[in-house]
Amino acid sequence: ALGVSTLAFAQKEEIKTAQKALKSGDAATAISALEGASGTVATTDPKTALTYYQTLADAYYAKAKADDQGDFDAAVAAYNKLAETDKASGKPKLTEAIAEKMAMISVDLVNAAVKDNEAGNYAVSAGKLFKSYTLSPKDTIYLYYAASAAVSGTDYDNALKYYHILKDINYDGSETRYSARDKETGERVEMPQSQRDLMVKAGTYDEPKDDKTPSKRSEIIKNIALIYTQQGNDDLAMNAYVEARHNNPEDVSLILNHANLYFKLGDKETFKSLMNEAIELDPNNADLHYNIGVISMEQNDLEAARAAYQKAIDIDPAYINAYLNLSTAFVNEGNGLIEQMNSIRGSSAKEIAKYDALKEQKDGFFQKGADVLEAALKVNAGNRDLMEQLKNIYGALGDFVNFKRLQEALEQ
């Protein structure tokens, strides 16, 4: 009995020491003082145990806020143990206070995650955001941000984990944004609904508008597929794209990513088919037409390639790569005639005439390639890639005046 009494006295002294240190702002000393009682706290009276765990949790929380963000985990564990001990007493009194502390930790974790994100510590930020979500599961936006941060930090395993949770809980992520037009400036301003309504009622704003942002469900499944692709799990990625497109068949970005997976797998016909499907939904997207051109040229369908490149240029007159490839498509067809020219061995009038006809055709294609690049330089003056390719074409044509002009321009 004397031993038990002495032990209880020692525990209380250590707790008092810890409380005094914590009050003075020395959380580390408080934690150190409590370590001496950690091995025997389970055998002490319920009241002392509650005081011990509450002091320990508060100390870890104070230390986490002051200098060591990693101790938030220790604080959460201590508060959970405090809740367990409080419940075991039969008359729990700290439920509300513990919930309040957990909510405060959740907010602090988010704030710490924002700082980590700003510093480029994305994976660390993701872990804190996920911890915040586990403390406050109703705040699913934290889980969404955790997944995004994990992707930025190339922590694809955790990103995949977070996205799958979002998918399983049917996270939507859409929201309503409220705005109105400032009568004085004519500018549309976003603000909380209550404020917006007051401004409109006061007469300083008009044209109130409620805009619902798109659901993030397709984005989540798309990101799952992208991560699977990144990890080399192409079958799982394909399944994810099929599911995502079933839910949102007109999402052009989904079609493009699905098409890119087929391209990676070597199925260029399906890639081309999906790109054409995307063009039907977004006909004024220059990049889509350009990509069709690339695949058509790979398949040696130069006519289709040129049509696609020209369409991209019509949409975006400054599209440098479309000009370069359109020019190359003409030059490639001209190069195809060189083999026929070289196959002519004789020197008869008929053979010379055939050779000259082929050369004229070849030079015609080369000249069309040069004309494309000359047009490109009018809207992309001084672009070295355009000038270099144009110089080479003039060299092949034997047009040394223009060849020298381009060479001098490149040397400046």
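Ala 278 lies in helix H13, which covers residues 268–281. Helices here are DSSP runs of H or I with at least four residues, strands are runs of E with at least two, and both are numbered from the N terminus. The model is predicted: local features need pLDDT of at least 70, side-chain atom pairs count only at pLDDT 80 or more, and totals for chains, interfaces and linings use all residues. Residues are numbered from 1 along each chain as its sequence is written, and side-chain values use heavy atoms, with hydrogens and water left out.

Ala 278 is buried, with a relative accessible area of 0%. Buried denotes under 20% relative accessible area, exposed over 50%, and partly exposed the range in between, for a 1.4 Å probe and protein chains only. Residues up to four places away in sequence aside, Ala 278 touches Val 252, Ile 255, Leu 256 and Leu 288. Contact means heavy atoms within 4.5 Å. Glu 250 stands 28 residues from Ala 278 in sequence. Their C-alpha atoms are 8.3 Å apart in space.

The overall fold was examined next. The protein has 19 helices and 3 strands. Its radius of gyration is 35 Å, whereas a compact globule of 412 residues would have a value near 22 Å. The radius is taken over C-alpha atoms, and the globule rule is 2.2 Å times the number of residues to the power 0.38. Along the principal axes, the C-alpha trace spans about 125 × 60 × 50 Å. Of the 412 residues, 39% count as buried. Among contacts between residues at least 6 apart in sequence, 52% join residues at least 24 apart.

The accessible surface comes to about 22800 Å². Carbon and sulfur atoms account for 50% of that surface. Areas come from the Shrake-Rupley method with a 1.4 Å probe, and for residues only the protein chains shown count as cover. There are 46 positive and 62 negative charges, and their mean positions are 4 Å apart. Lys and Arg count as positive and Asp and Glu as negative, while His and the chain ends are not counted. Each charge is placed at NZ of Lys, CZ of Arg, CG of Asp or CD of Glu.

The largest nonpolar core has 34 residues. Such a core is a set of buried Ala, Val, Leu, Ile, Met, Phe, Trp, Tyr and Cys residues joined through side-chain atoms within 4.5 Å. Leu 386 and Leu 390 have the most contacts inside this core. Two or more residues each come from helices H14 (286–298), H15 (302–315), H16 (320–342), H17 (349–379), H18 (384–397) and H19 (400–411). H16 gives the largest share, 9 residues. Leu 390 is in contact with Ala 370, Leu 373, Glu 374, Leu 377 and Leu 406, its neighbours within four places in sequence being left aside.

Several positions in the helices are partly exposed. Ala 409 is found in helix H19. It counts as partly exposed at 27% relative accessibility. Lys 311 has its place in helix H15. Lys 311 is partly exposed, at 36% relative accessibility. Lys 311 and His 289 are 22 residues apart along the chain, and their C-alpha atoms are separated by 6.5 Å. Ala 375 belongs to helix H17. Its relative accessible area is 36%, so Ala 375 is partly exposed. From Ala 375 to Ala 77 the C-alpha separation is 69 Å, and these residues are 298 apart along the chain.

Two loop residues carry a positive phi. Thr 154 is not a glycine, yet its phi is about 55°. Thr 154 sits in the loop between helix H7 (140–152) and helix H8 (156–168). With a relative accessible area of 52%, Thr 154 is exposed. Asn 300, also a residue other than glycine, has a positive phi near 65°. Asn 300 lies in the loop between H14 and H15. Asn 300 counts as exposed because its relative accessibility is 59%.
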